Each structure stands twice: as C-alpha cells, then as structure tokens.
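The following report describes selected packing and pairing features of a protein assembly. The structure under discussion is shown below.

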Amino acid sequence: MVALPGVDPSWSAYLDVPSTSGADAPGTHHRWHYLDNGAGADGAPVRGTLLCVHGNPTWSYLWRTYLAAGLAEGWRVVAVDQLDMGYSARTGVFRRLEHRITDLEDFVAALGLHGPVVTVGHDWGGVVSLGYAERNRADLVGVILTNTAIHQDPARSIPAPLRLALAPGVHGLGTRTSTAFLDVTLALARPALDPSVRRAFRAPYRTPDDRRGIANFVSDIPADPSHPSHAALTTTAEGIRTLDVPVLMMWGPHDPVFSDTYLEDLAQRLPQADIHRFEHASHLVQEDADTAATAMQWLAARSVAVPTGDAETTASARSAGQDERPAFSPLGRRLRDLASGPDSGTTAVAELTPSGIRTLSWKDLDDDVAAVAAGLTALGYGPGSRVSLLVPPGIDLTVLIYACLRIGAIIVVADAGLGARGLSRAVRSSAPDVVIGIERALLAARAFRWPGRRISATSLTAAGRRALRVDASLGDLRAARATADAGVQPEPDADAAILFTSGSTGPAKGVVYTHRQLSAMRDTVGATLGLGPGSSLVAGFAPFALLGPALGATSVTPDMDVTTPRTLTAQALADAAAAIDATVVFASPAALRNVLATSGALSEDGRTALGRISLLLSAGAPIPVPLLEEVQALVPAAALHTPYGMTESLLVADTDLGGIRRAAAAAAAGLDGAGNGVCVGRPVHGAVIAISPLAPSGPDVQDHGHGARPHRPAPGAATGEPTTAPGVTGEILVDAPHVKDRYFRLWRTQQESVRTHPWHRTGDVGHLDAEGRLWVEGRLGHVITSAAGILTPVGLEQALEMLGDVRLAAVVGVGPAGTQAVVAVLETAASRSAAAASGRPVRRRAGASASSLLRRPEQRARLAAPDLAAAARRVARERGVDLAAVVEVPALPVDIRHNAKIDRARVAAWSARFLSGGRAGSL
Amino acid sequence: MTVLVTGASGMLGRAVAQQVLSTGREVRCFQRRPAGIAGTQEVLGSVDDPAAVARAVAGCSSVIHLAAKVSFAGPAAEFHRINVEGTRLLLDAAEQAGVTDVVQVSSPSVAHDGTSLVGAPAGPADPAHARGHYARSKAAAELLALGRSTRGFRVAAVRPHIVWGPGDTQLVERVMERARAGRLPLLDAGTALIDTTYVDNAAAAIVACLVRMDRAAGLSLVVTNGEPRPIAELLAGICRAGGVTPPTRSVPGSLARGAGAVIERFWTALERSGEPPMTRFLAEQLSTAHWFDQRHTRAVLDWRPAVGIDEGFERLARHYST
C-alpha cells in the first residue's frame, strides 16, 4: 500500500488466512489486507479491540480516524479489507453474506485476536459485523453501527439508488465495467472529499477485475425473501435482538440508501442503543462528521470494556435525588378530576375562529380525549408510539395531546415556524409512527416522504384520503368509541413528548420529556404564576397554553394564524378574553407588537375585557421595557411577567415589569452584579441556577514561538466550576424537575449538555447579581473574545439602543478568537428610511431565508456617520470596549418565530466581509 | 552606553532618538542630512558607506536601525543596495565594534502577500512573496538581521504598521495634500479595517524592545495601536486634523488595483522621478484589511500604546492649527 493521507504506513499489514468458508475448497488460504494501529503490541495495556468492517465500495481506509483516535484512548483498532475488496485478495468466488461472516471469523482466528471486542460496521459491513457479533458473544463488549441496515421491510421497495444499481444492464456496467458506483458513493460525502482522500478510496479499485467484489456485493443485497442471502440476513436480524451489550449508532441522515427508516428498524431491535444523528452528514458519515471522536467519547461514557466494579455510574447519576421527588401525578389528572366533579359542565377549552366560537366542557373534553385515545388504541398505537402532531393550537390539538399521553404514546411537536425544510428535517429525525396533521401538513408529508402512517385532523374526501395515504381522520378516531377506557397509567419515567427547538442556531433539536417532567412543568407554571382551577387564560403562546387543562384552568385560543404570532390583533385578543372572562394572557413579544399596532381599532367592549386581565405573560424572546410599558397601558390591571426559558426547560426564571424596574434601580445604585444584560428575574419554583465561568482571553507569550503550553481552554469557552457568585459571567446552568430528559437521537449533544452533573447547560451566557437575579448577556456562541478580554453582546447592545437614532443594535466580533475586533452594527431609522426613499425594497426583517436575503441591496449598509460613530464609541468606551467599526444597516436579520432574536452569527460573518475590503454581499 | 539611531532625520527616527535620550542614555544619530536633535551626537553619512558606518558604530553598545529607502516606486537594485546591503554593512560593523544589541526596524509588509490580514500574527519574513521592491528588500534585510542574532550579539525585529503623527510627510501630509486637491478617492467606500501606529507609540515599542532584548532577541514583533479602524475613518481623521474636507468619492478596489499596476509600470518605464499617483501596492493597502494580533508583542515587550487614536488625531490637529 502506498502512503495515503491520514494513514500511518506502519498500520498497513497483510495476513494469510485459512478459509473455512463454504465458498472455498478446503485448504484454501486468502491473503487479507488490514490496518492495525498496533496498540498494545509493546505490552502496554489496552482496553480492547475495535474490529472495523467497511461496506461497499469502500475499504479499511474509511476507518483511519478510528485508528488514530484509538491509539490515544488505549484501544487497538483493526480495520479489515473484506475479501475481494480493498487490498485483500480477489478470490474469484462469489462471496455471499454467510461466507463473509465466516471470512471475518477466520480472519479474527488467524490474527489470534482475543480479549474484549467492539464491532464497528458501516454499510453492508454493518451487516457482516453484526453477523459476527451475534455469533461471537463471548468476547463482545460493544457494537458500533454507522449508516447500515439489517432488515428490508417486505412491504416496502428497496431504495431507488440500489434498485437502479441492481437493474439488468446497469448492474455490471455501473459496478464493475465502469467506476460509476464507486464514484457515486464517494460523491455522497458532504462536504466533498478532498481530492487526495478521493484518490485513496479509489486506489484499490482501478481495473474491472479489482471491482468484481463491488459488483458481487451489490448482487448480494437480498431485495426479497427468495434471495440466497435472505436467510443469513434474517438470522442476524433476529439474533441481535438478544444482544445485551452497549450499542452506539451514528448516522448521516442525508444517506439516499440507508435512511432513517433503517435506523428506526435497528433502534427497535437494539433498544438499548445510544443514537447520534449528524444532521448534515450523508452516507459516508465517517468522512462528514467526527464519528471517531464520538465513538471514543461513547466508549468512555458507557464504560465499555471496563470491569463492572470500576465503572462510573454515570447513567444512574441523574436519578440520585429520587427520594426527594414529589409523588407523580399524570399531566391529565386534573382534567379527569374536573370532568367527574361538580363543575364538569363548565367550560374547559374554547377556540375562536372566523366562523365563531367552539367550546367544550370538562366532561366533553374528557369524553373526547377518551374517544380519541380509544381510536388510537384501536389503530394499534400505544406506549412508546411516536405521534407527530401537525395541528394548529386549539381544541383538536389539545384533545390529541391529552389522548396520546393517556395511552402512553409520545407526542412529537415541531413548530411550523421552522419553515417547510426545517419542519421536514425535524419530523424525519423523530421517526414518527404516525403523522396526525391538517391537510397542509399531510401534503408536506407526501412531498417530503415523511415516514409513518397518516391521520387527517380534518375530514377529507375519499380521493383526498387516498392521495394523502390517510388511514383515518380525527373524526374516525372519535367515532371508534370504545366501551372500555383505553387509558393506561403511563409509566412516570417513560418518554411523553419530543418538542423541537426553534432551530435559530442550526438544525432544530428534538427535546425529550418524560411524563414526570411534563407534570413538573405543569406544577412549576402553576406555582410560579398562581394558576389552577378557576383560572381562565388566553392561549396566545403555544407551549404554555397547552398546559391549560393540566392546570385545571379554562383556556381559549384566539383567532389568529398561530404559525405567525404577528397576526394576533388587539380585537382578537379581547374577543378571546371576553369569551371566557379570562384574567390571564400568554403571548409572545411579536404578537404583543401587533396587538399594540392594532389597538386603535379596539372596541369599547374589547377595552373592558382587556381591563380585566390581571396577569399577562410575554414569553419566547426578550421584550424591550418601552414595549412592555406600552402593553401596560393596554392592560392596566395586569402584572406583566417576562419569564426566561427555552425548549429544554420552559421556565427557568421569572420577573415582572415591577421587578425589572427594581432591577434597573439596583443596577443604577451599583448593586454587585446588577446590570450588563437583560434581567430575567429569579429562579422559578423548583429551579436552581448556576453560572459556569468563561475561560479568559488575553496574552499568552508561551503560545507563540516558544513551544506549546499545556492544554488551556479556548478563550470564551464555558469551562469554569459552577458558581453563584454575583457578577461572574458564564454559561447559564439550570437544574429543575422540569428540565428535559435528553435530546432525541443526539447522543453527543446530550452528553455535552449534561457534562456538569446535575446541570443542564443552556448555551446562554449571563450572570447573577447579589440579590439572586439572573441577567442574560447573549448566546455562548455570540461571546466576543477580544485582546482586552471577554465581551458579551447584550449589555452593550442595550446601551447602544438608547442612542436616539438606533432601533436595534448587534455587537459582534470579527477576526480570530482571542484577538477579535469589536463591531457595532446598528439598525437606524435614517438608514431604513433612506432605503425606502430610494425606492428599493427594504427587506423583510424576519426570516433569514436564502431567497429573501438575495434581494437586499448591499449598498444600504455603510459606515456610520461620524457623529453616530463617535457617540457609539463613547458608549462603548464607558464599558471599557473599543469599537473598531460602527456600521449602519437598514435592517438586522432576526429569527422567524419571534421577530426579535438577532442572528448575530450571520451579522458577524457579514461584518467580517464588510470590514475586510471588497464586496461584502448582503446582510 | 551609547545607542546608535540610524535614520534619525525621519519622523519615527527622531521620536526614537528623543525617547532613548529621555531614558538617560547617550544617543548618536547617523543619517545623511543633519537631524539636529538636541543632546545627541551626530554622524553624517550613508549606510552604504563603510567608512561612515564604522565611524557611526564606534563605541556604541546598541543600535536601532531605521535608515532605509522607503518608497512605493523605484528600481529594485536601489532598494537592495540600501536596505539589504546597508543592513549587512551596519551589522558587520556593529558586531566588530562590540555592539551587543540591535533593533532592526522592519515592516509588517515583509510577511504578507497582498491579501487581507485579519487579526494576523507577525509571520515569517518572506522576500519571495512580499509585495513590491521595498517590502521584498526589507524582508531580506530582516531575515539577514535575525539570522545574525546570537547570545552575545542580540538582534530583534520590530515592525511598526503605518506610523503617523505630526510632521509626517510619508502619509499624513500626502493624504492632506491629495484630499485638498480632490485626488483622494476611497477604495470600496473605505470599509477595510486598518491598524495604524501613532508615532510616539511606535518609538516607545522600539525602545521597549531594547530594554526587553532578553526576551525579544530573534523575534519579529508587529507593533500597532491595537485600534483597527475602517480606512475611511482614518483618512477622515487625518483630513479633519488638517482642516481638509474628508473624501467621500469611492472607487472599486479592484479597479484601483488594476489601474495602480498599470500606472506603476508606465511610471517606471518612463523613468519618471518621484512617486506615482497610484501603485498596485498602495491600492492593496487602501482596499484590504490589515490588522494584527498584538497580544504576543505586548506580552514580550511589556509595552502598551500610551496614545490612543483619538488622542493622536487631537495632537495632529493641534500641530496643524498652529
């Protein structure tokens, strides 16, 4: 083997292996090529061996990063070239799956491998490695799988690319005569492979004879039960169900062949598996993502090949405080109690639509939930089923949620605000058993080929049902009124819900809650806001609104397009409040902005209804105090709450307008830690907060020229020990009974988020003041590391927004970490109106989609006028910050959902271009 | 304890000589024309004159070498003769005369190929890829100088970036003059971030290098104010200090770079004297980001710029209003 990028030449080895395979005549030997990192060869102790098996049409080169990573972690890594593949012998015999499993056993025997073994497989090598694992359990301590499959559902056709590769006339031509199959596979890498790596993958497959193995491998895919390899595949597929070793599955979901469907199948067979989907990765997941590092992290975290006595009990650490936990009460308990109580006829839920009002009493709601639960049960859904709900907030969604929870099914909720692509990615990643949606959602399900069966939330025509592959409608479920109660008592610690994050920073993540955690969320909301039976609330902000029945509170959904909160009008809000005599309003800042904008048209009755509101909660994004003060004028009797939370912990801290004013006064009076950020109040009921300080930035003589220093954290990394000391800036950590259980199929992300037990790391930065208030300073990823030190954006942005002409400010860093230049990008009234006056379209601020960004005229952005620049620099200097540049733009990019969170990463990238000369393109 | 300062008639050389004087050391100045700095000895001559150089270094313990041919245009051989061979001559003479420490004043352009510099480290001097005859000759001179550094004869290179201050004919007065004549366009609206160095800060860093030679020997240290600014703001600041209306007209940088290359070639071909109105190097300087990571320099020299950019502009304005 010649020298190849990423491979230590000493790893390459050959071995003559006697074959016991039925494919070969007795006494046959085959020469194998393999890579071996040689760990332990010098007598040093190793934890075990990773036995890596490549698929088709790659070779052991695929595992080079594992060999390197294993050396550092005390693992011997042996990666074989399967026979007829890579640099191993061309045997001249068609080797089927059964033979290949035996081949691998022969190789291991000839190598004299003993001690703990972790099998590692990719593509069809995954099948071979599983076949080996299933038959050689004595030494097996773990299984790692990457984009592979073990079972073909006979009801579904095999993936189109494979069908094509197998088609008569295409197969030989595509796989052997030409390098088409090889080229197509290598082209799947995202991003594209470096030419030297591509050459390395192609190196052993230069001639048609070299490629015979590729052709035979493709032919050996058992597309149906009549195939000769079907029996061997089935044996393995069923056999692995009894494997009891730790399993890690790492997946590139963009794989056109081994899609999420196959991951789901494997997850069913190996329920103990830890799964990480690398959202951007494709078939060659080893090339697209750092799977080797993840594998090493996992081997350590799962204590693979560590004697039981020494194993750290990381898995059970979280449940350490179980004794103190309050008794579990299911989320739907109050609903059931009220339905059977004296007030069962009073209104539980209402919704306003353009056509009027619809209400259900507690009794009606409970009956409806029971009916739908029975219908779902009748269709075969129950504990552990994942039900993707794509139904707008309102009575139907409420019924579906409580019905699913009642039968132990897991609700999957993603926001339409993610956009079609983002929503599709989210739904796919959750691998739902069934999608229940309105027609628009079902159309998307068809267009994007979402997995799972389909139930329509609305009635469809027979043709429509066929077209959308709909099994049933919500009406059908209701009609399947069961005599017996379908309700099962859900296991408190079973999964109850997967809620997706907003995806404003990268792909949306699925966040898993157990029943116990959902109930804890209900209890926290109830205790923090004083809500319970007798309360009545307007549900203008979905996540909290769905808790209405759980709290025993009457809830109403206003007439609005819930996917765009900005469509809530003052009159619609007032009408909803009047319909149930509501005293509580849940809304987002974007919705409240529109309420204020439309308050001129509010009727007298509407004003009266809003006058009765005693509590208004603005959630989802920060809300500026002046806006809050305007809201106060509209709801004069209301306490205005601005809680802080995230999908992973819906409530972390809470305060109200009075609290914000007191905090501002404390900051002005010089209270330790007060100021520099948005005050979000004190921890809510049951929650505790700590701060993980950021690593400092600053000079480091040793790093330059005089050799590297021992490891030191990157500037701005949140590596400090959790503290509650006032005025210390760091990542905000939270612990509460209602914090998420984990991320869904994002094992590494989950590990990172809980690396400081028992805390959940929020990814936000902030600090506490001496009176226990939390001040949020921005996102961890938006921290600026200048030579003068660490800078968080929010405090300076707020100060800049006090300047007359400035509507919105973003403070970002440009240049290398540790020596960044600080830049203020200001959205000014002048810049915006200048753009409008020129007749050019001022772009939509919300929704930083690629198409809307292209239209923007870049000449709108400019260096700030001298006066504004000087004023901004003065403000910054008072805070000890030197602004390298002050830029004026007509509009800053903000998130779709809240129309408020600035996409600072985008602003930073644009600023870097703008300030480095030449064309910056559009912001 | 006499310190030789070469090229003391220039703005930076003068400031260096004065700052060394203020540390209580003897200063000898060496340049072609009288510098007339009170309190210093003076040797007149050129760095390519062995006899003059030998006279200059005699009896000195340290040398700060600023003398150089600085221009955007001119024949390569001329730059080589003064900047490379002159440096070699000086180093030879200094070592022979028992000098122990040499600060070679260099330029950040010795390490860079004309692309944007964003928070950049100093980088090794690269005569092959540096832009223009000046930068290439200074790169060769720096390599030569640092290559001579030993325990007994310590050499460090300090690279101040765009030095400016009152009385600066290289940049400040040229900018004012062009702006006054309406011949100072901004390139790409002047948004590129540029590091500059107020003259007193550059001088202080050079003196600090002499003090910190135990740590600085063998190193190349870029020196700036550590306050990068968009070039339009810098030009505007200079113009305002001189009572001139700042430029507002913008020309695409790509156009200016192309035009600069053409003008430069014709200028040289026609053997015109003086500076061409635009060169490719100048256009690059005016249209791409040039700012540096100052952490290493500050840590090694234990030095901070005392005069901020705004304070520098105020001093400039005071100078030109009187």
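Is the crossing of H3(B) and H4(B) left-handed or right-handed? In this predicted model, the crossing of these two helices, H3(B) and H4(B), is right-handed. Helix H3 (residues 76–96) and helix H4 (residues 132–147), both of chain B, pack with their axes 9 Å apart and at an angle of about 20 degrees. Angles under 35 degrees count as roughly parallel, and H3(B) and H4(B) are therefore roughly parallel to each other. On the H3(B) side the contact includes Phe79(B), Val84(B) and Leu91(B), and on the H4(B) side it includes Tyr134(B), Ala141(B) and Leu144(B). By residue class, the contact of H3(B) with H4(B) comprises nine nonpolar, five polar and two charged residues.

**A buried strand in chain A**

Strand S4 (residues 75–80) of chain A is largely enclosed by the rest of the structure, because six of its six residues are buried. Trp75(A), Val77(A) and Ala79(A) point one way from S4(A), whereas Arg76(A), Val78(A) and Val80(A) point the other way. S4(A) pairs with strand S2 (residues 29–36) of chain A and with strand S3 (residues 48–53) of chain A. Val80(A) is the bridge partner of Tyr34(A) and also of Val53(A). The table sets out these pairings together with one from another part of chain A.

| Strand pair | Sense | Bridges |
|---|---|---|
| S2(A) and S4(A) | antiparallel | three bridges |
| S3(A) and S4(A) | parallel | six bridges |
| S20(A) and S21(A) | parallel | four bridges |

**The seven-stranded sheet of chain A**

Chain A also contains an open sheet of seven strands with mixed pairing, in the order S10-S9-S19-S18-S20-S21-S22. Its edge strands, each pairing on one side only, are strand S10 (356–361) and strand S22 (639–641) of chain A. From one strand to the next, the twist averages 15 degrees. Within the sheet, strand S20 (residues 584–587) and strand S21 (residues 615–618) of chain A run parallel, and Phe586(A) stands opposite Leu617(A) in S21(A). Helix H15 (residues 362–378) of chain A packs on the sheet, where H15 touches strand S9 (347–353) and S10 of chain A, and its direction makes about 80 degrees with that of S10(A).

**The contact between the chains**

Chain B contributes 29 residues to the contact and chain A contributes 23 residues. Among the elements of chain B that each supply at least two residues are strand S6 (117–120) and helix H8 (231–241). H11(B) gives the most to the side of chain B that touches chain A, with five residues. That side of chain B divides into 13 nonpolar, nine polar and seven charged residues.

Note on methods:
Residues are numbered from 1 along each chain as its sequence is written. Chains are lettered from A and ligands numbered from 1 in the order in which they are written. This is a predicted model: local features need pLDDT of at least 70, side-chain atom pairs count only at pLDDT 80 or more; totals for chains, interfaces and linings use all residues. Axes are lines fitted to C-alpha atoms, for helices over the stretch in contact, and angles run from 0 to 180 degrees between N-to-C directions. Angles under 35 degrees count as roughly parallel, over 145 as roughly antiparallel, 65 to 115 as roughly perpendicular and the rest as oblique. A crossing is left-handed if the near helix is turned anticlockwise from the far one by less than a right angle, and right-handed if clockwise. Two residues are in contact if their C-beta atoms, placed from the backbone, lie within 7 Å. Ala, Val, Leu, Ile, Met, Phe, Trp, Tyr, Cys and Pro count as nonpolar, Asp, Glu, Lys and Arg as charged, and the others, Gly among them, as polar. A residue is buried if 20 or more other C-beta atoms lie within 10 Å of its own, exposed if 12 or fewer, and partly exposed in between; C-beta atoms are placed from the backbone. Two strands pair if DSSP finds at least two bridges between them.
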